[in-house]
Number of protein chains: 2
Amino acid sequence: MDNDSLSPFFTPQGVAVIGASREPVKLGYQLARNLVQSGYTGAVHFVNPRGGTLLGRPIYTSVEAVPDPVDLAVVLVPPPAVPAALHECGRRGIKAVIVATGGFRETGPEGAALEEQLLVIAHEYGMRLVGPNCVGLINNHLPLDTTFLPPPGPPKGDVAFISHSGAICAVVIDWVRGQGFGLSHLVSLGNQADVSETEALGPVAADPKTRVVTLYLEGISDGRRFVEEAARVVREKPVVALKVGRFESGRRAAASHTGALAGAEEAFDAAFRRSGVLRAATMEEMFHWAQALAWCPLPKGRNVAVLTNAGGPGVTTADALELNGLRLASLSAETQAALKALLPPAASVHNPVDMLAGATLEQHAESLRLLLADANVDAVIVIIPPSPVSSAGAVARAIIPVIQASDKPVLAAVMGDRLVQEAIEHLRAARVVEYRFPERAASALSVLAQRAEWLAAGEQKPITLEGVDTASARSILAHHPQDGFLPANAAAGLLEAYGVRAAPMELARSAEEAVHLAQKAGYPVVLKIASADITHKSDVGGVLLDLRDAKAVAQGYDAIMRNAATAEPKARIDGVHVQRMLPPGQEVIVGVVRDAQFGPLVMFGSGGVEVEGLKDVAFALAPLTERDAQGMLERTWAGRKLGGYRNLPPADRQATLQALARLAQLAWDFPEIAEVEINPLRVLAEGQGAYAVDVRARLVHPAG
Amino acid sequence: MDNDSLSPFFTPQGVAVIGASREPVKLGYQLARNLVQSGYTGAVHFVNPRGGTLLGRPIYTSVEAVPDPVDLAVVLVPPPAVPAALHECGRRGIKAVIVATGGFRETGPEGAALEEQLLVIAHEYGMRLVGPNCVGLINNHLPLDTTFLPPPGPPKGDVAFISHSGAICAVVIDWVRGQGFGLSHLVSLGNQADVSETEALGPVAADPKTRVVTLYLEGISDGRRFVEEAARVVREKPVVALKVGRFESGRRAAASHTGALAGAEEAFDAAFRRSGVLRAATMEEMFHWAQALAWCPLPKGRNVAVLTNAGGPGVTTADALELNGLRLASLSAETQAALKALLPPAASVHNPVDMLAGATLEQHAESLRLLLADANVDAVIVIIPPSPVSSAGAVARAIIPVIQASDKPVLAAVMGDRLVQEAIEHLRAARVVEYRFPERAASALSVLAQRAEWLAAGEQKPITLEGVDTASARSILAHHPQDGFLPANAAAGLLEAYGVRAAPMELARSAEEAVHLAQKAGYPVVLKIASADITHKSDVGGVLLDLRDAKAVAQGYDAIMRNAATAEPKARIDGVHVQRMLPPGQEVIVGVVRDAQFGPLVMFGSGGVEVEGLKDVAFALAPLTERDAQGMLERTWAGRKLGGYRNLPPADRQATLQALARLAQLAWDFPEIAEVEINPLRVLAEGQGAYAVDVRARLVHPAG
């Protein structure tokens with residue numbers, strides 16, 4: 001991707017404000033003022049056909065008149081005037097334009113047409129566009145502020161913020177100050193006619209002043225590109241995302257269990273997990289995480305010591321650690337002995353370490369030093385409540401040098417308001433993260449641990465698959481150019497081509513033929529209705545198990561045909577499939593559905609007919625890496641019990657992982673596969689493999 | 001309960017500070033100062049053997065010398081001197097004493113012995129004790145402050161706070177001010193040698209100045225009394241609790257699935273649910289809920305309108321509504337038409353209503369008025385971000401009269417910091433709840449809806465059970481005076497006595513006898529190992545299903561005996577139980593285990609051997625009300641699918657509820673039943689009943 005084309009947005013030589021106004025109530029004035037007050041050291045030019053002067057500078061009556069250097073324009077003129085402004089910019093040779101003006105796609109079809117026009121003009125001049133309908137950009141360290149938002153701007157800091165919502169930018173700028181941290185970049189993307197979140201990611205992350213990137217997303221325009229680009233960025237710097245619009249993303253209409261369960265949120269979860277983007281549930285959480293990611297060293301593990309001078313907050317913190325997947329560290333005998341020598345007899349030298357209310361400043365500092373020196377301790381949470389003995393501010397001053405001397409993360413829970421204000425200020429000045437409540441500290445610390453584990457695991461490659469016969473799969477698909485469900489034998493053939501074994505199955509068109517095929521397969525057998533029109537066979541009495549002789553098979557054939565005719569009189573019925581019954585094993589569901597944003601989305605979980613009720617399923621993006629596949633097994637009961645449970649012997653985990661990876665690859669290789677699902681996949685004992693008992697595949701051939 | 005004995009703690013005529021000090025660094029000075037500065041209008045007395053004067057008052061050298069009126073003493077002398085101080089108080093006729101001094105049970109066995117001594121002295125004089133090891137009490141409207149905490153005290157307000165942790169009291173006093181609300185009472189209970197959270201609940205709730213009670217709990221001393229008292233209070237005023245110590249409450253050692261899954265947290269959840277106490281996950285959440293409960297009218301339903309002037313926050317709010325079990329209200333055609341007439345064409349008049357960034361103050365007020373007038377709207381969340389057009393403060397002023405004129409709750413999400421400060425202040429002054437983020441507003445609103453539903457449902461009585469034969473159950477238990485598992489037939493007998501039908505079952509001691517019993521019962525039959533020593537029968541190959549003839553039964557008998565001898569060579573084996581196989585149905589687990597705090601705790605969920613893996617279970621306290629029992633079915637997949645699912649026909653829900661209630665009553669009536677579990681309970685088709693297929697009951701006879 002040519003990111004050079006974006007550099008004028010972030011580090012322009014000269015900026016022209018088109019629509020600058022001399023009336024202070026107008027946004028065109030406010031934008032001009034912010035730009036000047038931001039301390040931008042490049043050239044600042046104002047354009048307005050009325051001319052005059054503004055903030056001590058001339059107002060040019062046309063873009064053409066703007067002198068060099070100028071490589072970025074910010075357009076804030078009424079919507080109908082924007083196309084002309086873009087033309088002027090193009091003729092003047094400006095290749096980067098922020099269209100702040102609103103009134104385009106967000107207002108309806110007319111606005112969308114006007115927006116389309118902007119894009120055409122931009123293409124004509126090889127121009128990049130941010131917006132329209134955005135509040136502008138801030139590069140806080142350059143410095144540069146092209147927004148029209150009410151001052152003050154955000155404090156300078158380490159966190160870059162990219163947003164699909166302009167209003168949220170205004171909130172964040174105002175809010176971060178009160179939280180004691182600042183921004184490196186702010187990017188308001190507006191309608192994203194051209195530049196999207198994915199393109200903005202790289203440039204803001206590349207700035208050495210950015211230590212963390214945060215994203216407010218209402219959707220993603222090109223899911224796979226986002227995943228690739230985010231994964232690349234995440235290897236360098238942490239990315240935290242808040243994705244909203246959950247309430248709008250209803251379930252998709254789908255014929256498979258996988259399709260019914262794989263909503264947009266599941267796809268986003270899978271995409272963020274794949275790319276290593278940390279997904280926050282709320283804006284507060286996103287920025288609280290970002291603060292810790294910006295300022296703290298990463299922990300080597302999940303063992304946390306808690307240092308407190310009171311019992312209640314210690315207990316609260318221990319709870320929060322457990323809820324966040326962290327552990328209370330077991331302190332070494334030496335640490336405990338040293339703490340015992342340091343602290344009064346009634347103090348608790350186990351973790352949480354409670355120094356008691358009378359703890360001196362020296363005891364605070366020395367206890368923290370002892371905890372950080374303990375090899376069993378990966379991180380410390382220090383609790384600072386208002387105290388009748390030492391002021392919270394003095395405690396903060398006492399521990400700051402200890403925190404700064406350590407390469408382990410120390411997070412402070414400074415509990416209270418007015419009485420702890422001084423402590424908060426000292427800690428912030430020393431770049432020590434502090435939260436009002438230990439739950440927030442524990443949540444942020446767990447994210448640091450996640451980040452450390454992500455980096456330690458290194459880059460993940462898709463699982464290598466042997467014996468995949470793409471040609472054979474292609475030839476089966478070539479025989480089915482129509483959209484809709486594949487016949488069962490074709491679906492089974494696809495799986496076989498990709499190395500997933502199906503229980504051998506043959507089609508009987510009469511009771512006699514069924515008996516013949518059963519004898520050939522060997523008893524006991526299973527009979528299943530063969531009809532592309534019947535989605536859930538067992539629901540209509542279309543499946544009979546464990547038939548042990550010819551009589552049972554003959555009766556079974558007739559029963560199934562009767563059941564099917566009663567339940568689905570309009571279904572076209574091909575006959576009945578006869579299958580040798582597989583040895584016992586564990587049954588799981590494995591499926592793939594094509595997500596509009598992220599492509600094939602793989603599901604694994606508890607199979608059978610109750611899939612949608614139990615919802616014991618997990619998702620990952622195709623193609624699968626080892627971590628993706630293992631993760632799906634770990635996150636589901638179906639996956640965990642493959643390792644054995646009580647009288648259930650261990651099943652063939654390896655074969656399950658292979659089946660998952662192969663199904664994922666199949667859907668990845670053939671975009672016409674809209675859904676493919678094995679339910680159940682019978683997983684036999686360890687080393688015995690896994691068999692697709694029932695497969696369904698639905699094709700939707702891409703248009704054109 | 002005689003709560004009059006507690007009234008001096010809350011509304012004393014005169015207070016003596018025993019251990020008042022003239023040295024400002026001492027807690028004895030700080031306590032005296034807080035008491036005087038609180039503006040308490042009763043008599044204030046200081047006691048210290050050194051005498052002198054303090055804060056313009058004489059210091060008496062003994063409690064005896066303190067003049068009338070004096071009905072409350074606060075003791076803050078070194079631990080060894082506390083018993084003598086109590087004696088003095090007793091002799092002076094003081095019946096209520098706060099022992100603020102620490103150094104008792106919390107420090108170890110010696111301290112515990114000293115604490116025991118305090119209790120003996122208190123009993124001797126008919127004296128009530130709060131503490132020891134507490135920070136004191138505040139009745140903020142009386143006013144009265146008996147704490148030694150650093151000033152300022154909490155603002156006057158509507159929320160009572162009762163706490164097991166003194167440090168948390170200090171945090172809360174300081175923190176609530178910054179949050180814009182205040183306290184009516186603060187009660188620090190310390191070690192609870194005498195007065196517990198349960199006793200404190202009534203008096204603080206009875207104060208008309210208290211609108212909500214909040215509890216910070218590290219445990220509960222008498223679970224059943226708490227549930228009764230809390231339920232009584234909750235009918236009058238909302239109670240919100242934060243229960244910490246989750247990390248300490250390990251799983252209990254148990255022989256049943258119920259016992260393994262029913263930890264202390266599940267018991268607390270069940271207790272809070274039963275009593276109507278709202279359980280918060282964090283302190284922030286507790287107080288954010290409390291604010292809304294104190295200031296907002298209750299909504300009539302869960303349909304919420306969102307009023308915003310920007311898209312992003314509207315989407316975020318809609319997400320938060322969904323996550324909190326609320327709904328986006330469908331606005332009436334009239335409301336939409338009126339909004340259309342009021343707002344610019346590009347505005348969204350669907351919910352969320354987006355007035356756009358240029359919205360005027362009049363549009364804010366009028367839009368809100370329209371939404372509140374819509375019968376489809378039960379509540380409104382108004383978003384106020386920093387705006388380049390109107391100041392947030394002006395917006396707040398414009399909407400406050402509309403909010404105050406409505407009987408529907410309106411919660412404000414005022415997003416930002418410095419730029420929205422004025423709005424925050426106006427709203428607080430007008431007693432309109434405001435949060436920095438819409439997620440918090442949605443969470444608080446869902447709690448208002450919960451409270452409204454709770455009140456609407458009225459008082460719940462335990463399910464009335466007919467045909468319970470207590471005498472017969474008592475006689476079965478009388479035959480088993482030993483602790484341990486009951487034989488299967490005795491366990492089945494207990495159930496039958498309480499009207500829960502078990503599949504009839506007889507014991508065979510030989511293969512021949514098994515065949516005979518099978519013929520008597522009618523084929524197909526089930527065989528099960530009969531041994532009190534074997535906990536999980538199917539795990540050892542001790543269960544065979546669907547045996548259809550004599551040969552199968554005879555072979556089955558031998559196979560089971562062989563399997564059991566191999567798997568559990570030391571188990572005493574009585575033989576094999578022969579049972580007619582029940583018609584097909586849905587299988588669930590129903591169990592009761594005795595919780596140390598709350599008594600019999602009932603579990604319902606997905607049965608079988610995977611109970612502990614699937615964890616599809618819910619809990620409630622015995623005896624069960626209709627709401628408890630229905631709730632357990634609603635919260636589990638096992639319960640929901642009883643209503644029918646795909647090809648699974650509806651099962652007998654009513655019989656399931658009855659089985660649950662009867663098992664609960666059995667455990668309630670007989671304290672020697674430590675665990676009783678039906679796994680599975682086979683629930684037949686509607687109207688066909690439910691049968692206990694396998695029952696286990698373990699007795700632990702109460703000591704003495």
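A: Chain A has 24 helices and 31 strands. Both are DSSP runs numbered from the N terminus: H or I of at least four residues for helices, E of at least two for strands. This is a predicted model, in which local features need pLDDT of at least 70, side-chain atom pairs count only at pLDDT 80 or more, and totals for chains, interfaces and linings use all residues. Residues are numbered from 1 along each chain as its sequence is written, while chains are lettered from A and ligands numbered from 1 in the order in which they are written.

The C-alpha atoms of chain A fill a box of roughly 95 × 80 × 40 Å along the principal axes. Of its 704 residues, 56% are buried. Buried means 20 or more other C-beta atoms within 10 Å of the residue's own; exposed means 12 or fewer; partly exposed lies in between; C-beta atoms are placed from the backbone. Domain bounds come from an automatic or database assignment. For chain A it gives domain 1 (3-210), domain 2 (297-457) and domain 3 (505-581). The C-alpha centres of domain 2 and domain 3 of chain A are 66 Å apart.

Now the second copy. A rotation of 180° with 0.0 Å of shift along its axis places chain B on chain A, at RMSD 0.1 Å. The two copies are thus related as by a two-fold rotation axis. Leu614(B) comes closest to the axis among residues of chain B, its C-alpha at 4.5 Å.

Next, the interface. Contact means C-beta atoms, placed from the backbone, within 7 Å. By that rule, 59 residues of chain B are in contact with 59 residues of chain A. α2, α5 (166-179), α10 (283-295), α11 (311-323), α21 (611-614) and α23 (637-640) of chain B each supply at least two residues of that side of chain B. The side divides into 30 nonpolar, 14 polar and 15 charged residues. Here Ala, Val, Leu, Ile, Met, Phe, Trp, Tyr, Cys and Pro count as nonpolar, Asp, Glu, Lys and Arg as charged, and the others, Gly among them, as polar. 98% of the interface residues of chain B are also interface residues in chain A, so the copies meet through the same surface.

Just after α2(B), Gly39(B) takes a positive phi of about 90°.

Seven strands of chain B form an open, mixed sheet in the order β3-β4-β2-β1-β5-β6-β7. Two strands pair if DSSP finds at least two bridges between them. β3 and β7 (128-130) of chain B are the edge strands, each pairing on one side only. β3(B) runs antiparallel to β4(B) (residues 57-60), joined by 2 bridges. Leu54(B) has Arg57(B) in β4(B) as its bridge partner.

Key: Least-squares fit on C-alpha atoms with pLDDT ≥ 70 in both. Contact = placed C-beta atoms within 7 Å.
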